[in-house]
Amino acid sequence: MFCREYVAQLRDRYGEFQAKGANVAAIGMGTPEMAADFRDKKKVPFPLLVDRTKETYRALELGRGSTMDLLGPRVWGRGLKAYLKGEHQGLTIKQDPTQLGGAAVMARGGEVRLMHRAEDAADNLPVGELLATLG
């Protein structure tokens, strides 16, 4: 649904986003119930939105991963690190496991200040880069 480790990083630095006057939201493909359960368990203070038809993914031109993009050594390495920190991905039964993610910083009015499209399942833009874009 959501990249659990990345959402945890956003959660942990949420105060910095607020201090810069920014809003944060994460978009996933699960169900509203899955998002609510995840939000409650991980104490996420910002909205977790669900896009089951993947319109947002298409609008942001986020790619789909090959087998290597999803199961390659880099992905395994990051996955192992996340697992050891207690972040477990869970099943993707109601989702598209080949859909890659991304991150965007949008200004009021819709101007895109930063767009990062993941190249593989482990490719998450460092949260500090998102914050730096806010000035």
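User: A residue counts as buried when its relative accessible area is under 20%. What percentage of the 135 residues of the chain count as buried?

Analyst: The model considered here is predicted. The chain exposes about 8300 Å², and carbon and sulfur atoms supply 54% of that area. The share of its 135 residues that count as buried is 35%.

User: Which pattern does the chain follow when read along the sequence?

Analyst: The chain has seven helices and four strands. Taken in the order of the sequence, these elements give the pattern α-α-β-α-β-α-α-α-β-β-α.

User: Which residues touch the most other members of the largest nonpolar core?

Analyst: The largest nonpolar core holds 19 residues. Helix H1 (4–12), helix H2 (14–19), helix H3 (32–42), strand S3 and helix H7 (127–133) each supply at least two residues of this core. The members that touch the most others are Tyr-6, Val-7, Leu-10, Phe-17, Phe-46, Leu-48 and Leu-130.

User: Is the pair formed by the rings of Tyr-14 and Phe-46 stacked, edge-to-face or tilted?

Analyst: The count of aromatic pairs comes to one. The pair links distant parts of the chain, with Tyr-14 in helix H2 and Phe-46 in the loop between H3 and strand S2 (48–50), 32 residues apart; Tyr-14 and Phe-46 are both buried. Planes under 30 degrees apart would count as stacked and planes over 60 as edge-to-face. The ring centres lie 5.6 Å apart and the planes stand at 45°, so the pair is tilted.

User: Is Ala-8 buried or exposed?

Analyst: Ala-8 lies in helix H1. Because its relative accessibility is 10%, Ala-8 counts as buried.

User: Is Lys-43 buried or exposed?

Analyst: Lys-43 is found in the loop between H3 and S2. Its phi is positive, about 55°, although Lys-43 is not a glycine. The cut-off for an exposed residue is over 50% relative accessible area. Since Lys-43 has a relative accessibility of 66%, it counts as exposed.

User: Is Lys-54 buried or exposed?

Analyst: Lys-54 has its place in the loop between S2 and helix H4 (55–59). Lys-54 is a residue other than glycine with a positive phi, near 65°. Because its relative accessible area is 16%, Lys-54 is buried.

User: Which residue in S4 does Ala-103 stand opposite?

Analyst: Strand S3 (residues 102–106) and strand S4 (residues 112–117) run antiparallel and are joined by five bridges. Their hairpin has five residues between the strands, and Gly-109 there takes a positive phi near 95°. Across this pairing, the residue in S4 that stands opposite Ala-103 is His-116.

User: How far from a polar atom of the side chain of Asp-123 does the backbone nitrogen of Glu-119 lie?

Analyst: Asp-123 lies in the loop between S4 and H7. With a relative accessible area of 12%, Asp-123 is buried. The distance from the backbone nitrogen of Glu-119 to a polar atom of the Asp-123 side chain is 2.8 Å.

Key:
Residues are numbered from 1 along each chain as its sequence is written. This is a predicted model: local features need pLDDT of at least 70, side-chain atom pairs count only at pLDDT 80 or more; totals for chains, interfaces and linings use all residues. Side-chain values use heavy atoms; hydrogens and water are left out. Two strands pair if DSSP finds at least two bridges between them. A nonpolar core is a set of buried Ala, Val, Leu, Ile, Met, Phe, Trp, Tyr and Cys residues joined through side-chain atoms within 4.5 Å. Buried means under 20% relative accessible area, exposed over 50%, partly exposed in between (1.4 Å probe, protein chains only). Rings of Phe, Tyr and Trp (its six-membered ring) pair if their centres lie within 6.5 Å; planes under 30 degrees apart count as stacked, over 60 as edge-to-face and the rest as tilted. A polar contact is a pair of N or O atoms within 3.5 Å; within protein, one must be able to donate a hydrogen and the other to accept it, and residues adjacent in sequence count only if both atoms are side-chain atoms. Accessible areas come from the Shrake-Rupley method with a 1.4 Å probe; for residues, only the protein chains shown count as cover.
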